[in-house]
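Dear colleague,

Please find below the structure that I am handing over to you. My findings come after it.

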Amino acid sequence: MNNFEYCNPTHLIFGKGRENDIGAILLGKLQAGDTVLVVYGGKSAEKSGLIDRVRRSLEAAGLSAVFKGGVTPNPQLDLVRDGIEAARECGARAVLAVGGGSVIDASKAIAIGVPYEGDVWDFFAAGVSPKEALPVACVLTLPAAGSEQSIRIVISGEGRKLGAGSPVVRPFASVINPEIFFTLPQKQIRAGVIDMMSHIMERYFTLTEGTDFVDGQAEAAMRTIMRNGLKLMKNHEDYDAWCQVSVAGSFAHNGYYALGQTEDWASHGMEHELSAWDTSITHGDGLAVVIPAWMRYVYDVKPSRFAQFAINVMGEEAGADDNETALKGIEALKRFYREVGAPATLSDLGADKADSRELAEKAVRIPGKLGGFKKLYAEDIAKIYDMMR
Ligand code: NZQ
Ligand code: ZN
C-alpha cells in the first residue's frame with residue numbers, strides 16, 4: 001500500500017424530505033440576505049416540484065436566489081460561461097446544484113470561474129489548477145457520476161470533453177433523498193449503475209499490492225450496486241434499493257476506494273472521447289461498451305486481479321488458471337450489462353462511423369497516454385476502439 005492522505009469534507013444529508021433543509025444548510029456557510037445561484041437542468045426538477053421546494057427552503061432561510069436552468073447532459077462550456085456572468089451579476093456567494101452529474105459539474109465550473117480572471121476553459125484545456133471557488137452545495141436528482149462528493153468536473157467545449165479536478169470544487173454539502181430518483185427513466189438508471197460501478201473499477205484494477213481492506217469494501221459495493229440496480233430496473237420506486245445504490249454510488253467516487261493505491265481511468269478517458277464525438281451519447285452507456293474491451297486488452301498484465309474480480313464480484317467459480325477465471329469474469333460483466341439493457345458495441349451507440357485512430361489521438365492529446373494499470377498509447381487505444389465494433 002502507498003502513502004496517502006484523505007480528507008473528504010462533504011457533509012452528506014440523507015433521506016426523505018431532506019431537500020427542504022437546504023436553505024438552513026447553506027446558511028451554515030452564508031449570511032441571511034446573501035444570494036445563491038441555483039443551477040438546474042431541463043424540466044425534470046421543475047415538473048417534480050423540487051425547484052419549488054428548494055425555492056421555499058431558501059426563502060425560509062432568508063437567502064435570496066437566482067435560478068439558472070438549461071444545463072444539458074454532457075454540460076457545455078457556453079452554459080458555464082453564461083452561469084459565471086449570471087453569478088457575478090447577482091453577486092452570488094454560493095452555487096447550489098439541483099440535478100445530476102451534468103448540473104453539478106456545470107455548477108462546479110461556474111464556482112471556479114467566478115473568482116478567476118481568465119477564461120474558465122483554461123482549467124480544462126490549458127491545465128490551470130483551480131485555487132479558489134465559490135462554495136458548492138447539491139441536491140442530487142440522479143445517482144451516477146458521484147460528482148456530489150467528487151473533486152472532479154467534466155465539461156464539453158470546442159469539440160472536446162475535458163476534465164479538471166481540485167479539492168476546492170468538492171461540494172461542502174450534498175442532499176441525497178432517494179425518493180427524488182423515482183422519476184428517473186430506465187435508461188438513466190442503468191447508465192447510473194454502470195457509471196458508479198466503473199468508478200470503483202477504475203480504482204480496483206490496480207498494480208498496488210496489499211490493498212485487502214479497500215478491496216473487500218470495493219467488492220461489496222460493486223455487488224450491492226449490481227443486486228440493487230437490477231431491482232430498480234424492475235421497480236423504479238424501490239426506496240430501499242435506491243438507498244443502497246445512491247450511497248454506494250456516492251462513495252464510489254469520493255476517493256475512498258483508492259486509499260493508498262494507484263488508479264487507472266483509461267476507460268473514462270476513452271468514453272469521454274465517445275461522448276465528445278456525439279454529445280447525445282450517455283456517459284454510462286459509453287462505458288458499457290468501453291470497459292469490456294479495455295478489460296480484454298489489459299487483463300493479462302495481472303490476471304490474478306481479474307480472477308479476484310470474477311470470483312468476488314461476479315460470483316464465478318475459479319477456472320483452470322487465473323487467465324480462464326479472468327475471462328469468465330469479463331463475460332459475466334457483459335451479461336450484467338446486457339441484463340440492464342446497455343449497448344454493447346459502437347454501432348449500438350450510433351458511433352460506428354467514429355474513427356478509432358482519431359478518437360485515440362484525441363484521448364491521449366493532453367496526457368500522452370492513458371491508464372495506471374497498463375499504460376496505453378494511441379496505437380493501443382485505437383486497437384481497443386476496434387475491439388468495440
Ligand atoms: O435535464 P433534466 O430534465 O433534469 O433531465 C436529466 C437529464 O436529461 C435527467 N434527470 C436527472 N434527474 C432526474 C432526471 N429525470 C427524471 N427524474 C430525475 N430525478 O437525467 C438526464 C441525465 O442527467 P445527467 O446529469 O447528464 O446524468 P449523470 O448524473 O449521469 O451525469 C453525467 C455527466 O457527469 C459526468 C459525465 O461525463 C457526464 O457529463 N461525470 C462527472 C464526474 C465527476 N464530476 O466527478 C465523474 C463521472 O465519471 C462522469 O464523467
Ligand atoms: Zn464516470
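The notes that follow go from the whole chain to its domains, strands and core.

This is a predicted model, in which local features need pLDDT of at least 70 and side-chain atom pairs count only at pLDDT 80 or more, while totals for chains, interfaces and linings use all residues. Residues are numbered from 1 along each chain as its sequence is written, and chains are lettered from A and ligands numbered from 1 in the order in which they are written.

Overall form

The C-alpha atoms of the protein chain occupy a box of roughly 65 × 45 × 45 Å along the principal axes. For 389 residues, a compact globule would have a radius of gyration near 21 Å, and the 20 Å of the protein chain agrees with this. That radius is taken over C-alpha atoms, and the globule rule is 2.2 Å times the number of residues to the power 0.38. The chain holds 15 helices and eight strands; these are DSSP runs (H or I, at least four residues, for helices; E, at least two, for strands), numbered from the N terminus.

Of the 389 residues, 53% are buried. A residue is buried if 20 or more other C-beta atoms lie within 10 Å of its own, exposed if 12 or fewer, and partly exposed in between, with C-beta atoms placed from the backbone. Among contacts with a separation of 6 or more, 77% are between residues 24 or more positions apart; a contact requires C-beta atoms, placed from the backbone, within 7 Å.

Domains and annotations

The chain is divided into domain 1 (11-179) and domain 2 (184-387), with bounds from an automatic or database domain assignment. Their C-alpha centres lie 27 Å apart. At the boundary, 18 residues of domain 1 are in contact with 23 residues of domain 2. On the side of domain 1 that touches domain 2, β6 and β7 are the elements that give two or more residues.

UniProt, in an unreviewed entry, assigns "domain: Alcohol dehydrogenase iron-type/glycerol dehydrogenase GldA" to residues 9-178. That span is 31% helix and 25% strand, and its end C-alpha atoms lie 22 Å apart. UniProt also lists "domain: Fe-containing alcohol dehydrogenase-like C-terminal" (unreviewed entry) for residues 192-386. Here the chain is 63% helix and 0% strand, with end C-alpha atoms 25 Å apart. The UniProt positions are given in the numbering used here, the feature names are shortened, and the annotations may be inferred rather than shown by experiment.

The parallel strands

Strand β4 (residues 94-99) has six of its six residues buried, so it is largely enclosed by the rest of the structure. Ala94, Leu96 and Val98 point one way and Val95, Ala97 and Gly99 the other. In a regular strand the side chains alternate between the two faces of the sheet.

β4 pairs with strand β2 (residues 35-40) in the parallel sense over five bridges; strands count as paired if DSSP finds at least two bridges between them. Val38 stands opposite Leu96 in this pairing. Five bridges also join β4 to strand β5 (residues 136-140), again in parallel. There Leu96 has Ala137 as its bridge partner, and Val98 has Val139.

β5 is likewise largely enclosed, because five of its five residues are buried. Four bridges join β5 to strand β8 (residues 173-176), and these two run parallel. Val139 stands opposite Val175 in β8.

The β6-β7 hairpin

Strand β6 (residues 152-157) pairs with strand β7 (residues 160-165) in the antiparallel sense over six bridges, and Val154 stands opposite Gly163. Two residues lie between the strands of this hairpin, where Glu158 takes a positive phi near 50°. Both faces of β6 are covered, with Arg152, Val154 and Ser156 buried on one side and Ile153, Ile155 and Gly157 on the other.

The nonpolar core

The largest nonpolar core has 132 residues, and Leu26, Val36, Val39, Val95, Leu96, Val98 and Ile110 touch the most other members. Domain 1 and domain 2 each supply at least three residues to this core. Such a core is a set of buried Ala, Val, Leu, Ile, Met, Phe, Trp, Tyr and Cys residues joined through C-beta atoms within 7 Å. Beyond its neighbours within four places in sequence, Leu96 is in contact with Ile22, Leu26, Val36, Val38 and Ala137.

With kind regards

Note on methods. Two residues are in contact if their C-beta atoms, placed from the backbone, lie within 7 Å.
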